[in-house]
Amino acid sequence: MKKLMFTILAFGLLSGCTERVEQNLPVAVQFNAVVVTKSRPSAWPSDAKVGIFMYANGGSVISEGANNRKYAVSETGAFSPDSASQTIYYPMDDSPVDFIAYYPYTDALSSSNLPVNVSEQTSQSAIDVMYAQRVSGYKKTDPNVSLVFVHKLSKIVMSVSAGTGLTSADLNGLT
């Protein structure tokens, strides 16, 4: 009787076991970045938003519809999607992809050209254009992507003062 009970118990335990099947779940890309100036790295502006594109490896075809996705940046350089719909996921087939990014984010970007109007300069962060060169060959098996942003414009300050041949009256209305 003991043998029969043991056999039934063993059969019950073994029948409850199934082969483990690995699930192919989506993997979100984890971005981090640093801003580099000519002399040293600098911090991100507070409330920074960047645009990120994901391309098929080595090509110009947008992968997984990740076209100009909006990500928020912390002061430490960690990125997070601005909303759940902005999250970039690696391709399910684990094919390699490339990334490019830019700052400041604009939802009106319709091509690879970022329009910048420098005629109004009261908000420096609005015209502090930065770009991260293309990084290539990333897969979902290593979801962390590091981006290096560099400034693309320079700020020039001109001080004009009265002097030889130029009076203070000549400078009235100068902008």
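Questions and answers on this model follow.

Modeller: This is a predicted model, with residues numbered from 1 along each chain as its sequence is written. Local features need pLDDT of at least 70, side-chain atom pairs count only at pLDDT 80 or more, totals for chains, interfaces and linings use all residues, and side-chain values use heavy atoms, with hydrogens and water left out.

Biologist: What pattern does the protein chain follow along the sequence?

Modeller: Helices (H or I, at least four residues) and strands (E, at least two) are DSSP runs, numbered from the N terminus. The protein chain has 2 helices and 8 strands. Read along the sequence, the pattern is α-β-β-β-β-β-β-β-β-α.

Biologist: Which residues touch the most other members of the largest nonpolar core?

Modeller: A nonpolar core is a set of buried Ala, Val, Leu, Ile, Met, Phe, Trp, Tyr and Cys residues joined through side-chain atoms within 4.5 Å. Buried means under 20% relative accessible area, exposed over 50%, partly exposed in between (1.4 Å probe, protein chains only). The largest core holds 26 residues, and those touching the most other members are Phe 31, Trp 44, Phe 79, Phe 99, Leu 147 and Phe 149.

Biologist: Which residue in S7 stands opposite Phe 99?

Modeller: Strands pair if DSSP finds at least two bridges between them. S6 and S7 run antiparallel, joined by 5 bridges. Opposite Phe 99 stands Val 135.

Biologist: And which residue in S8 is the bridge partner of Met 130?

Modeller: S7 and S8 form a hairpin with 5 residues between them. They run antiparallel, with 3 bridges. The partner of Met 130 is His 151.

Biologist: Why does Val 27 count as partly exposed?

Modeller: Val 27 is in the loop between helix H1 (2–16) and S1. In contact terms (heavy atoms within 4.5 Å), Val 27 touches Ile 88, Tyr 89, Tyr 90, Lys 140 and Pro 143, not counting residues up to four places away in sequence. Val 27 counts as partly exposed because its relative accessibility is 22%.

Biologist: How many Å separate the C-alpha atoms of Gly 137 and Asn 57?

Modeller: Gly 137 is found in S7. Asn 57 is among the residues it touches, as are Pro 96, Val 97 and Asp 98, not counting residues up to four places away in sequence. Gly 137 and Asn 57 are 80 residues apart along the chain, yet their C-alpha atoms are separated by 6.0 Å.

Biologist: Is Asn 68 buried or exposed?

Modeller: Asn 68 lies in the loop between S3 and S4. It is not a glycine, but has a positive phi of about 55 degrees. Most residues other than glycine have a negative phi, and most peptide bonds are trans. With a relative accessible area of 8%, Asn 68 is buried.

Biologist: Where is Asp 94?

Modeller: Asp 94 also has a positive phi, about 65 degrees, although it is not a glycine. Its place is the loop between strand S5 (79–81) and S6.

Biologist: What is omega for the peptide bond from Tyr 103 to Pro 104?

Modeller: Pro 104 has its place in the loop between S6 and S7. The bond from Tyr 103 to Pro 104 is cis, with omega near -5 degrees.
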